[in-house]
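Hello,

Here is the structure I promised to pass on to you. Have a look at it first, and then read on for what turned up in it.

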Amino acid sequence: MGASETEVLLKQHLIDPEVCIRCNTCEETCPIDAITHDDRNYVVDPSICNGCNACVPPCPTGSIDHWRTVLKVAPYSVEEQLQWDELPVPVELAAHGSLPDTAETNQQNAAASHSLQAPHSALQPHLHLHDLKNPLTVTVAGNFRLTDADAESDIRHIVLDFGNQIFPLLEGQSVGVIPPGVDALGKPHYLRMYSVASARDGEREGHNNFALTVKRVVSDHDGKPVHGVGSNYLCDLQKGDKVQITGPYGASFLMPNHAGSNLIMICTGTGAAPMRGMTEYRRRLQAKGAGVGGKMMLFFGARSSGELPYFGPLLKLPADLIDVHLAFSRAEDQARAYVQDKLRDAGASVAQLLQSDTYVYICGLKGMETGVMDAFQALCDEAGLNWPECHEKMVSEGRFHVETY
Ligand SMILES: Cc1cc2nc3c(=O)[nH]c(=O)nc-3n(C[C@H](O)[C@H](O)[C@H](O)COP(=O)(O)OP(=O)(O)OC[C@H]3O[C@@H](n4cnc5c(N)ncnc54)[C@H](O)[C@@H]3O)c2cc1C
């Protein structure tokens with residue numbers, strides 16, 4: 001390709017406003033602050049973006065991975081992108097030549113603190129079978145409150161039935177939910193993501209259904225009262241109601257399928273959803289005498305037992321299936337404990353697992369990551385392990401997965 005072509009053309013990075021769930025991951029990930037947003041859209045500033053692709057793998061929906069070849073002198077401006085309801089149709093610029101795939105060639109350069117690829121033995125997931133233009137309608141089969149009646153948080157187990165429709169899901173994947181109605185600007189609500197809480201063979205084994213674990217959002221992250229659009233819609237659903245979903249999403253936060261693989265699962269609140277799916281899958285295998293032989297450790301944090309989703313069923317899991325460590329930060333007559341404290345308390349066992357065929361999963365509120373990473377560092381120090389090296393190896397081998405929101 002001649003130098004003149006690269007001078008004329010730009011491979012412009014764009015975000016699909018129809019699929020973006022405004023989770024802010026891209027803006028947080030971008031190393032050069034090229035991504036910005038307003039009340040409605042997330043957009044990439046063409047004057048800053050260098051196509052490094054660091055933001056692409058962490059995006060939960062794939063909405064970030066859109067590119068248009070444009071004239072360098074006339075890219076889509078930030079102001080223009082903020083007005084979009086959908087991506088513009090690609091314009092034919094063949095007369096100006098073609099560009100190399102900058103994004104692809106630079107993908108390897110993206111630094112990652114967690115694995116961008118799935119475990120080597122994970123099943124191949126189905127992805128993006130349904131989108132906003134072609135959602136799947138499912139039926140509510142049940143909606144049960146998981147937290148105590150007097151608990152501060154209302155967390156629900158919502159079972160959705162596919163009927164005779166095909167929508168294959170794996171533990172660790174997410175679905176998009178489209179809340180009905182329009183937002184304050186009169187535009188349709190964007191979709192919200194929810195992790196699948198069931199095993200791959202259904203919430204009820206062998207049935208074509210799955211469950212979500214949804215917390216009703218009644219205050220924002222600063223404690224200010226709000227009415228969360230998606231979570232309140234889901235939590236208020238009645239049996240028989242119809243729900244529009246998209247997806248499946250998620251190609252890396254998946255469980256290994258080979259015998260002998262160990263899982264360390266660390267979660268808070270609704271971060272329990274993928275862990276429940278994985279645990280239930282292995283519980284069913286064990287019950288059939290087809291155990292995979294690996295160990296499972298679960299570190300699960302909540303304010304108190306009444307605020308911890310699936311508390312009762314968790315306590316009934318066989319001890320030879322899973323080693324459960326619960327951390328309560330507001331339980332009466334107990335010192336405050338967080339997941340990172342429990343992780344350190346079990347440091348010797350965790351360090352032992354880290355040295356074998358082990359896969360780590362962290363899911364829950366964004367704020368949990370720092371404490372958990374510090375705990376790994378501390379327990380490795382105590383065991384004489386080099387945590388940065390161990391972490392880097394696990395990340396590169398698809399063995400260290402984080403999903404926080
Ligand atoms: C990959 C992924 C998986 C997810 N899985 C789950 C899941 O399994 N269960 C689940 O309940 N949620 C899950 N979420 C979060 C979910 O997508 C929504 O963000 C959440 O339900 C709030 O949406 P909302 O429409 O009710 O609130 P919005 O109407 O979008 O927001 C209202 C206000 O609440 C604030 N807010 C948003 N989320 C929270 C929160 N969790 N706590 C406090 N304040 C908040 C917003 O900043 C805003 O100010 C997941 C998110 C991602 C990205």
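Predicted model: local features only at pLDDT ≥ 70, side-chain atom pairs only at ≥ 80, totals over all residues.

Let me start with a term you will need: a salt bridge is a side-chain nitrogen of Lys or Arg within 4 Å of a carboxyl oxygen of Asp or Glu.

Now for the layout. The protein chain is split into domain 1 (3–109), domain 2 (136–249) and domain 3 (262–404). Where domain 1 and domain 2 meet, nine residues of domain 1 and eight residues of domain 2 take part in the contact.

How much area do domain 1 and domain 2 bury between them? The value is about 780 Å², and 61% of it lies on carbon and sulfur atoms. On the domain 1 side, the residues that lose the most area to domain 2 are Ile21, Arg22 and Arg40, which together make up 58% of what that side buries.

In total, two salt bridges are counted between domain 1 and domain 2. Three residue pairs are in polar contact across this interface. Sorted by class, the side of domain 1 that touches domain 2 has four nonpolar, two polar and three charged residues.

Which residues are the closest to the ligand? They are Arg192, Met193, Tyr194, Gly230 and Ser231, out of 22 residues that surround it.

Some atom pairs to find in your viewer:

- Thr213: a polar backbone atom is 2.8 Å from a nitrogen atom of the ligand.
- Ser219: a polar backbone atom is 3.3 Å from a nitrogen atom of the ligand.
- Gly230: a polar backbone atom is 2.6 Å from an oxygen atom of the ligand.

On its own, the ligand has 910 Å² of accessible area, and the protein covers 81% of that.

Enjoy exploring!

Definitions and conventions: Residues numbered from 1 in each chain as written. Heavy atoms only, no water. Domains from an automatic or database assignment. Contact = heavy atoms within 4.5 Å. Buried area = accessible area lost by both parts, 1.4 Å probe. Polar contact = N/O pair within 3.5 Å; in protein donor to acceptor, adjacent residues only side chain to side chain. Nonpolar A, V, L, I, M, F, W, Y, C, P; charged D, E, K, R; others polar. Near = heavy atom within 4 Å. Areas by Shrake-Rupley, 256 points an atom, 1.4 Å probe, with all protein chains shown as cover.
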